[in-house]
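Here is a short briefing to read alongside the model.

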Amino acid sequence: MPKHKIAPSLLAADFTRLSEEVEMVNCSEADWLHLDVMDGRFVPNITFGMFIVEAVRRLCTKPLDVHLMIVEPERYVEAFRKAGADVITVHYEACPHLHRVVHQIKETGALAGVALNPHTPVSVLENLLEDIDLVCLMSVNPGFGGQKFIYQTLPKVRRLREMLTVANSPALIEVDGGVGLQNAEVLLRAGADVLVAGSSVFGAPDPQATIATMKALNETWL
Ligand code: DX5
Ligand code: ZN
């Protein structure tokens, strides 16, 4: 079984110490750095755009996993790629022409991700599985860090894992929202490949140790 990835979400970092926080991630066992772009329209909150992504790109040695919680993401795909995104994830709920956007992302050379809100069933991706590199299952309603994990996500992870196995798809399953040491193991056992963790990492007394513990999880099952 390939080892899972840990993607700390910068949203929970202290932005007055941005370079130190990114350096903590650089020196940790984290695989990716997750960046949450919010526009105040698709979600109620506003965070940052490509200007900050580009600055973080210069600080960060790990791949950037850019989660676009914005309407009409097709208008900004190239700009975020140019700013340094390695993975670009758009929301199913924001894209009436999702197939086109997924291929637009792939043409830039980035990995293409599709995120599903907690109420959106995984079955909507049935006819797109072979085109996607990553499916991000939201385990909170997107918009804010520090929310409580929605447990209905767990059967969605299992169901998606079955769908990917049947389709012989190498797409990664990412889980985003309310993920921490209390549920990481059960998510990995259900079939998750990438765990996004914001407050559980940046709010921990020792963020690097928390990342290392999450990263070591399936080794402890052996
Ligand atoms: C929520 C964002 C998440 C958020 C996760 O809309 O997509 O990536 O940063 O934060 P935690 O891990 O604190 O729930
Ligand atoms: Zn996110």
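In which strand is the place of histidine 67? Histidine 67 sits in strand β3, which covers residues 64–69. Please keep in mind that this is a predicted model.

**The zinc site**
- Four residues coordinate the zinc ion (ligand 2): His34 through NE2, Asp36 through OD, His67 through ND1 and Asp176 through OD, at 2.1 to 2.3 Å.
- The site of the zinc ion (ligand 2) is octahedral, and the angles among its six donor atoms run from 71 to 169°.
- For comparison with your own geometry checks, the ideal angles for six octahedral donors are 90 or 180 degrees.
- Along the chain, the donors of the zinc ion (ligand 2) show the spacing H-x1-D-x30-H-x108-D.
- The aspartate pair links distant parts of the chain, with aspartate 36 in strand β2 (residues 33–38) and aspartate 176 in strand β7 (residues 172–176), 140 residues apart.

**Around histidine 67**
- Histidine 67 has a relative accessibility of 1%, so this residue counts as buried.
- Aspartate 36 and aspartate 176 are buried as well.
- The side chain of histidine 67 makes a polar contact of 3.2 Å with the side chain of aspartate 36.
- A polar contact of 3.1 Å joins the side chains of histidine 67 and aspartate 176.

**Ligand 1**
- Ligand 1 is surrounded by 20 residues, and the closest are Ser9, Asp176, Gly178, Gly198 and Ser199.
- From an N or O atom in the side chain of histidine 67, an oxygen atom of ligand 1 is 3.2 Å away.
- The backbone takes part too: an N or O atom of the glycine 146 backbone lies 2.8 Å from an oxygen atom of ligand 1.
- For glycine 178, a polar backbone atom is 2.8 Å from an oxygen atom of ligand 1.

**The sheet**
- Eight strands form an open sheet with parallel pairing, in the order β1-β8-β7-β6-β5-β4-β3-β2.
- β1 (5–8) and β2 are at the edges with a single partner strand each, so one side of each has no neighbour in the sheet.
- From one strand to the next, the twist averages 25°.
- Five bridges connect strand β6 (residues 134–138) with β7 in the parallel sense.
- Leucine 137 has valine 175, in β7, as its bridge partner.

How values were computed
Residues numbered from 1 in each chain as written. Chains lettered and ligands numbered in written order. Predicted model: local features only at pLDDT ≥ 70, side-chain atom pairs only at ≥ 80, totals over all residues. Heavy atoms only, no water. Donors = N, O, S within 2.8 Å, 3.2 Å for Na, K, Ca; no water. Tetrahedral: all angles 85-135°; square planar, octahedral: opposite > 155°, others 65-115°. Helix = DSSP H or I, 4+ residues; strand = E, 2+ residues; numbered from the N terminus. Buried < 20%, exposed > 50% of the residue type's maximum accessible area, 1.4 Å probe, protein only. Pairing = 2+ DSSP bridges. Axes fitted to C-alpha atoms, helices over the stretch in contact; angles between N-to-C directions. Near = heavy atom within 4 Å. Polar contact = N/O pair within 3.5 Å; in protein donor to acceptor, adjacent residues only side chain to side chain.
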